[in-house]
Amino acid sequence: MSAHPVIVAIDGPSGTGKSSTSKAVAARLGMGYLDTGAQYRAITWWMLSNGVDVNDPAAVAAVAGKPEIVSGTDPLAPTITVDGTDVAGPIRTAEVTGAVSAVSAVPAVRTRITELQRGIAAGAPAGIVVEGRDIGTTVLPGADVKIFLTADPEARAARRSGELRGTAPGAPDLAATREALIKRDAADSGRTTSPLAKADDATELDTTELTLEQVISWVIGVVEDAGRKQPRS
Ligand SMILES: Nc1ncnc2c1ncn2[C@@H]1O[C@H](COP(=O)(O)OP(=O)(O)OP(=O)(O)O)[C@@H](O)[C@H]1O
Ligand SMILES: Nc1ccn([C@H]2C[C@H](O)[C@@H](COP(=O)(O)O)O2)c(=O)n1
């Protein structure tokens with residue numbers, strides 16, 4: 001048996017396949033799964049729903065401790081609630097996507113959400129795959145496995161655009177999707193507190209030319225290797 005439940009950090013920009021890969025890896029290995037972007041989206045949704053000016057960092061910071069955000073970590077049925085309300089749908093609107101980078105750049109928001117994430121990871125009995133932007137660098141610097149996924153903006157925009165066309169009538173075209181994605185990456189990488197970044201000890205995988213199944217298999221291989229290397233108890 002492993003000395004402790006394995007913790008896997010998967011970071012990278014939007015559309016690189018973090019969520020799809022993390023969910024599948026966690027499900028196949030019987031681990032928990034945490035989508036940290038959903039938590040930042042949830043607090044952003046709450047700010048917008050409560051009339052907080054998301055472009056005023058002081059106003060956001062003043063109420064950052066108010067909403068109660070609860071994440072369910074079953075990879076086959078991940079959930080997210082704010083003050084008891086299921087927000088899995090509302091957090092994916094264009095309005096939330098457009099505001100989330102500003103809200104998540106506020107240090108008080110990051111402190112609050114980081115504490116939440118660390119608590120969830122520490123309490124995961126079978127280990128957990130945590131995906132986001134700063135998991136390997138800041139949230140869980142001691143993670144057993146750190147992976148940083150990348151892909152060309154064109155591939156990422158095509159993936160997102162296909163996904164949006166399938167679910168949202170009147171969704172933005174490929175060029176608009178690419179532009180929005182690059183803008184969000186720049187904001188997430190450029191913020192002062194805990195920006196999107198590869199940890200020095202993370203392994204980078206470019207997924208541009210890979211199928212989702214190839215990425216999943218590669219990550220499972222890395223996680224299984226790390227489990228084998230753990231000291232036995
Ligand atoms: N290697 C791949 N090849 C083709 N499509 C992929 C690949 N990886 C993911 N996808 C598809 O791309 C879309 C975006 O993937 P996913 O949501 O997992 O990315 P993400 O990195 O979590 O993005 P975000 O940070 O914005 O949530 C999904 O429709 C997914 O099925
Ligand atoms: N660890 C994280 C995860 C996410 N964010 C912010 C920045 C993203 O643009 C936004 C939404 O994430 P997504 O749902 O697209 O994965 O949340 C962050 O700052 N740190």
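**Stop 1: ligand 1.** Keep in mind throughout that this is a predicted model. Begin by selecting ligand 1 and its surroundings: 16 residues form the shell, and the closest are Ser14, Lys18, Ser20, Arg160 and Glu163. By class, the shell holds three nonpolar, seven polar and six charged residues.

Now show the side chains of two of those neighbours. In Lys18, a side-chain N or O atom sits 2.6 Å from an oxygen atom of ligand 1. In Arg160, a polar side-chain atom is 2.5 Å from an oxygen atom of ligand 1. Next, display the backbone of Thr16, where a polar atom lies 3.1 Å from a ligand 1 oxygen. On its own, ligand 1 would expose 640 Å², and the protein buries 80% of that. To see which elements give two or more residues to this shell, colour α1 (18-29) and α7 (153-167).

**Stop 2: the annotated stretch.** Select Gly12, Pro13, Ser14, Gly15, Thr16, Gly17, Lys18, Ser19 and Ser20, which an unreviewed UniProt entry annotates as "binding site". Zoom in on Gly15, found in the loop between β1 (7-11) and α1. Is Gly15 buried or exposed? Its relative accessibility is 12%, so Gly15 counts as buried, the cut-off being under 20%.

**Stop 3: strand β2.** Move to residues 32-35, which make up β2. Which way do the residues point? Gly32 and Leu34 face one way, Tyr33 and Asp35 face the other, and all of them are buried. In a regular strand, side chains alternate between the two faces of the sheet. Across from Leu34 you will find Val130 of β6.

**Stop 4: ligand 2.** Finally, select ligand 2. Of the 16 residues around it, Arg41, Arg110, Asp134, Arg184 and Asp188 come nearest. This shell divides into three nonpolar, five polar and eight charged residues.

- Thr36, with an N or O atom 3.1 Å from a nitrogen atom of ligand 2.
- Arg133, with a polar atom 3.0 Å from an oxygen atom of ligand 2.
- Arg191, with an N or O atom 2.9 Å from an oxygen atom of ligand 2.

Alone, ligand 2 exposes 450 Å², of which the protein buries 97%. To finish, colour α2 (36-49), α4 (94-104) and α8 (174-190), each of which supplies at least two residues of the shell. The largest share, four residues, comes from α2.

Methods. Residues numbered from 1 in each chain as written. Chains lettered and ligands numbered in written order. Predicted model: local features only at pLDDT ≥ 70, side-chain atom pairs only at ≥ 80, totals over all residues. Heavy atoms only, no water. Near = heavy atom within 4 Å. Polar contact = N/O pair within 3.5 Å; in protein donor to acceptor, adjacent residues only side chain to side chain. Areas by Shrake-Rupley, 256 points an atom, 1.4 Å probe, with all protein chains shown as cover. Nonpolar A, V, L, I, M, F, W, Y, C, P; charged D, E, K, R; others polar. Buried < 20%, exposed > 50% of the residue type's maximum accessible area, 1.4 Å probe, protein only. Pairing = 2+ DSSP bridges. UniProt positions renumbered as here; feature names shortened; annotations may be inferred.
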